[in-house]
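Please open the model in a viewer and keep the sequence panel in view.

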Amino acid sequence: MDAYISPETQAELLSSASWQAAYKESVVYLGHFIDGLQKNDGALPKAGVAKSVQTFQIFVIFTLLQFAITWLARWILFEPVARIVLAGKSGRQVKRAKVEKFAQSANEALYYGVYTVFGLLLVAHQEFVWPSERWFPRDVIWDGKPLTVELCVVCYYLLYGSRYVACAVSLLFEHKRKDFWEMMAHHVVTAVVIGISYYIEQIYIGCIVMVLLDPADVPLHIAKLWKYCADVRPNTGFGKLLQLTADICFGIFVVAFFATRICIYPYVCYAPILHDIPKNHGNIACTALLWILQFLQAMWMCLIVKAIANMLAKGGIEDVRSDSEDEDGESKKDK
């Protein structure tokens, strides 16, 4: 550690006064973020992209905040709701694995939905959204001048990156998924590409990626919620209605996933090559990580095709992307 971090930096990281100052600055950042959600008139305050110890501390604070919100929401809201809606009129005991899966999907539907709204409110009206050459401002990428960006966008970037760090840690405590390692790789790669792009000030293309990747997951997790509710009401009219609703939501997810992640996102990966940005270490790393994310999207698309095949064969969508690898094993643990 001593070889890479100066004694002054170490002292600042360990100083309680430094963390108190970072906490106060994080509140200021959140204030700009809220202003950005309410206004889009281009008159919001701008500044350079801060890369200091305090910025790292703010990132840590945002990570802890979102981790705490995630688990408090699960324990206080989603798990109690799961026990009620999955028990039905019979009031039967609901297995712990089912409660965890319901709460997990509800949490993710909320998070992806909220960040989709954040992205649309903060990014959609920005001048850098299109054409794609604006993702790489010449004075920053080629001439090395500092990037000036709205503070609400900087806060959005830090919140988004810290959210994926919190999600990666949460995966370790959540119900086992079939695609655990793919999800972990996705969260880690996303957090790393956000960190590198922030450091080299390629925030514009980063925001485009953020806006593209979130929307499709909202109907996916809503479909899972309807599916879990339908599974505990088999052979009933209401259960069939819930299953139909799950299938419709899954259909919306497939269309959104294919449009945003299979059709549009590859262009984002290709844009750095198209616009021939300088081939320094930071730019090469970011481009490589974008393609790794695209590989994960293609792999998930294969699982989606499998789910569609199951739906056509069995008459209802099955949760093949993130279900437990051993449902029976989990059930035995709950007994």
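Which residues are linked with E79 in a network of salt bridges? The network joins E79, R83, R96 and E100; a salt bridge here is a side-chain nitrogen of Lys or Arg within 4 Å of a carboxyl oxygen of Asp or Glu.

**Before the first selection**

The model is predicted, so that local features need pLDDT of at least 70 and side-chain atom pairs count only at pLDDT 80 or more, whereas totals for chains, interfaces and linings use all residues. Residues are numbered from 1 along each chain as its sequence is written, and side-chain values use heavy atoms, with hydrogens and water left out.

**The whole chain**

Display the protein as a cartoon. It contains 12 helices and two strands, where helices (H or I, at least four residues) and strands (E, at least two) are DSSP runs numbered from the N terminus. Traced from the N terminus, the order of elements is α-α-β-α-α-α-β-α-α-α-α-α-α-α. Of its 335 residues, 49% count as buried; buried means under 20% relative accessible area, exposed over 50%, and partly exposed in between, with a 1.4 Å probe and protein chains only.

**Stop 1**

Select E79 and R96 and show their side chains. They meet in a salt bridge with an N to O distance of 3.1 Å. This pair links distant parts of the chain, since E79 lies in helix 3 and R96 in helix 4, 17 residues apart. E79 counts as buried because its relative accessibility is 4%, while R96 is partly exposed at 33%.

**Stop 1: a nonpolar patch**

Remain with helix 3 (residues 53–87), which holds W75. Switch to a surface view and select L72, W75, I76, L77 and V81, which make a nonpolar surface patch of about 510 Å². Patches are made of residues with over 30% relative accessible area and no salt bridge, like charges being joined within 9 Å and nonpolar side chains (Val, Leu, Ile, Met, Phe, Trp, Tyr) within 5 Å. The areas come from the Shrake-Rupley method with a 1.4 Å probe, and for residues only the protein chains shown count as cover. W75 itself is exposed, with a relative accessible area of 51%.

**Stop 2: backbone exceptions**

Most residues other than glycine have a negative phi, and most peptide bonds are trans.

- Select W130 and P131: the peptide bond between them is cis, with omega near 0 degrees. P131 is in the loop between helix 4 (96–122) and helix 5 (138–141).
- Select E201: although not a glycine, E201 has a positive phi of about 65 degrees. E201 is in the loop between helix 7 (180–199) and helix 8 (203–213), and counts as buried at 11% relative accessibility.
- Select D276: this residue, also not a glycine, has a positive phi of about 50 degrees. D276 is in the loop between helix 10 (237–274) and helix 11 (281–314).

**Stop 3: two further salt bridges**

Side chains of opposite charge can pair when their charged atoms come close. A search of the whole structure finds seven salt bridges.

D276 is partly exposed at 48% relative accessibility, and K279 is exposed at 65%.

Next, select K227 and D231, whose closest N and O atoms are 3.2 Å apart in a salt bridge. Because they stand four residues apart in helix 9 (residues 217–231), about one helical turn separates them. K227 counts as buried at 8% relative accessibility, whereas D231 is partly exposed, with a relative accessible area of 36%.

**Stop 4: helix 6 against helix 7**

How are helix 6 and helix 7 oriented to each other, roughly parallel or roughly antiparallel? Select helix 6 (residues 151–171) together with helix 7: they pack at an angle of about 155 degrees, with their axes 9 Å apart. Axes are lines fitted to C-alpha atoms, for helices over the stretch in contact, and angles run from 0 to 180 degrees between N-to-C directions. The two helices are therefore roughly antiparallel; angles under 35 degrees count as roughly parallel, over 145 as roughly antiparallel, 65 to 115 as roughly perpendicular and the rest as oblique.

**Stop 5**

Finally, select I262, which is found in helix 10 and is partly exposed at 23% relative accessible area.
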